[in-house]
Amino acid sequence: MNQSELLEISRKKAEQWLSSDIDPQTREQVEALLKGDEKNLIDSFYTDLEFGTGGLRGIMGAGSNRMNIYTVGMATQGLANYLLKEFAGYKEIKVAIAHDCRNNSRLFAETTARIFTANGIKAYLFESLRPTPELSFAIRHFKCQSGVVITASHNPKEYNGYKVYWDDGGQVISPHDRNIIQEVKAIKKIADIKFKGDNALIIPVGKEFDEIYTDMIHSYSLDPETIKRQSDLKIVYTPIHGTGVELVPMALRKIGFRNVIHVPEQDVTDGNFPTVHSPNPEEPAALAMGLAKAKETNADILMGTDPDADRVGIAVKDTSGEWILLNGNQTGALLMHYLITQWAQKGKLTGNEYIVKTIVTSELLADIARKHGIKVYDVLTGFKYIADIIKQNEGKATFLCGAEESYGYLVGDKVRDKDAVMSCAILAEAAAWARDRKLSFFELLLDIYIEFGYYLESLHSVYKTGVEGAAIIRDMMHTFRNNPPARVAGTDVTTIHDYLTQTTTRLPSGKTEPITLPKSDVIQYLLADGSKISIRPSGTEPKIKFYFSVKGKLERKEDFQKVTGQLKARIKTIMNDLNIG
């Protein structure tokens, strides 16, 4: 489709909006788009903001391809229509609604509540910003059939989003995701949205629920005596302007920590995220102010959560006293090692426990679990798949922990999404447990490496923008899928997992076996030396992602830097062999 055709489509859509019953501010913005730069008009109207399997996410503004009360309204009306069909026999249908700190988040949350109630659906609406995991917990607590959180997670300030949850507290998966998409697509015009809500059906949720939520987190504390001895553990915490600002310190205090140090500039809840370029704890720059505070106060650990407080980044001091950022696999290993060790020492393991991790998360977590006879489930990338395993095993087996390499963790089954509030509390407890044994948190990690092997992981992304870029990424996946290497970095490829064809191939025999996970455009190569290479296109950005995991032997803590250098060199060789720039 050429530029003139896109412009014509965009003009017609904009004029349709002007002929609808829209508010004066939006009308003014649409009129300005029609009179202004053609590129902005096309970007705002050339298509409809897609409601995908997880909901909506996009730049805020007027237009069918933007996050605003009308695109949010269409999503909500479609979801309401589906709930009314799916739960037709229920006396009442209930949803829970929460939002983060972003600009317009409160407006979008209130709009969502009004539309649900206009459709006769009771809405439990949090009175102010709350972490996403608290929304997941609320769905189960209030016995809701669905839930919505308004958040764009760690995206830049221009974005907002709309995530949908089901009655188990997990994000929607098949078949509900596909069915909701069809209902949303059936909403063709603004007039189809029921905006006039019933205030009697909106139930405010206030601070009293924060006590219930943090009491639940406290129930997962495993070693109160150690916390008493180490209650002065110096914890620097930053919410990076987001929803963890009250709940994380509250949870830490509740389990016994009394030395929580704030980063005042980042305690300010602000959707413009004024102190960071990106509020993503995976990026070192997002934790720079927290690191400065940690150095200034000689802290024991730094914790930083993303805007909706479902992911946490950790920094600790290494053996030379230098502050380093842990990656998501390292933090997950520390959390899982602590939980499993405590359960084992307290005689709580029965042989009916399990953990869940994603296929791109370190095998170190699996090694730790299997040593204690704990079952390991591997799932596709996305915490909704971890939640689904918990749902399948409900009443049959005990869920200990879930983890994904992108800084998301969950302890216990009361929440059904990654939970940074809970993770901060239990990670602080693990750090106190290490300190009680005269170990820094980093030294504990080295002990884990000495016992199980040193796994080093690295993520490399190749960006290819535009239509041509999308074609290049498709061609790259086709090549990796249909012309796999027999050897990489001088080591035989022993296994190929193709999650799109749902087939595992064993080499050199060529014997195949089925993969039972849902289809996903992911290729994995397993090498004879224990290395793992995972390749997949990003679902949200114009890039292809390469996950590398290599394993070495660490015999002494003093050898850490030397072995690290060797493993980094191995990753570099793998990248060169695969022609990854």
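How many nonpolar, polar and charged residues form the lining of the second largest pocket? The first legend below takes up this question.

The model is predicted, with local features requiring pLDDT of at least 70 and side-chain atom pairs counting only at pLDDT 80 or more, while totals for chains, interfaces and linings use all residues. Residues are numbered from 1 along each chain as its sequence is written, and side-chain values use heavy atoms, with hydrogens and water left out.

**View A. Lining of the second largest pocket.** The lining comprises 11 nonpolar, 7 polar and 9 charged residues; Ala, Val, Leu, Ile, Met, Phe, Trp, Tyr, Cys and Pro count as nonpolar, Asp, Glu, Lys and Arg as charged, and the others, Gly among them, as polar. Of the 27 lining residues, Glu363, Asp378, His497, Tyr499 and Leu526 lie nearest the pocket centre. Two or more lining residues come from each of helix 13 (363-371), strand 13 (375-379), strand 19 (503-506), strand 20 (511-514), strand 21 (523-527) and strand 23 (543-552). Helices (H or I, at least four residues) and strands (E, at least two) are DSSP runs numbered from the N terminus. The space in this pocket is about 570 Å³. On a 1 Å grid over the protein atoms alone, a pocket is an open set of points where a 1.4 Å probe fits, with protein on both sides within 12 Å along at least five of seven lines, and lining residues have an atom within 4 Å of a point. The volume is the space filled by probe spheres set on the points, which are joined across faces, edges and corners.

**View B. Helix 12 against helix 15.** The axes of helix 12 (residues 328-345) and helix 15 (residues 420-436) come within 10 Å and cross at roughly 70 degrees, which makes the two helices roughly perpendicular. Axes are lines fitted to C-alpha atoms, for helices over the stretch in contact, with angles from 0 to 180 degrees between N-to-C directions. Angles under 35 degrees count as roughly parallel, over 145 as roughly antiparallel, 65 to 115 as roughly perpendicular and the rest as oblique. Contact residues (heavy atoms within 4.5 Å) include Leu335 and Tyr338 of helix 12 and Leu427 and Trp433 of helix 15. By class, this contact has 7 nonpolar, 5 polar and 1 charged residues.

**View C. Helix 12 against helix 13.** Here the axes come within 9 Å and cross at roughly 10 degrees, so helix 12 is roughly parallel to helix 13. Asn329, Gly332, Ala333, Met336, His337 and Ile340 of helix 12 meet Leu364, Leu365, Ile368 and Ala369 of helix 13. These residues divide into 7 nonpolar, 3 polar and no charged.

View D. Gln502, although not a glycine, has a positive phi of about 55 degrees.
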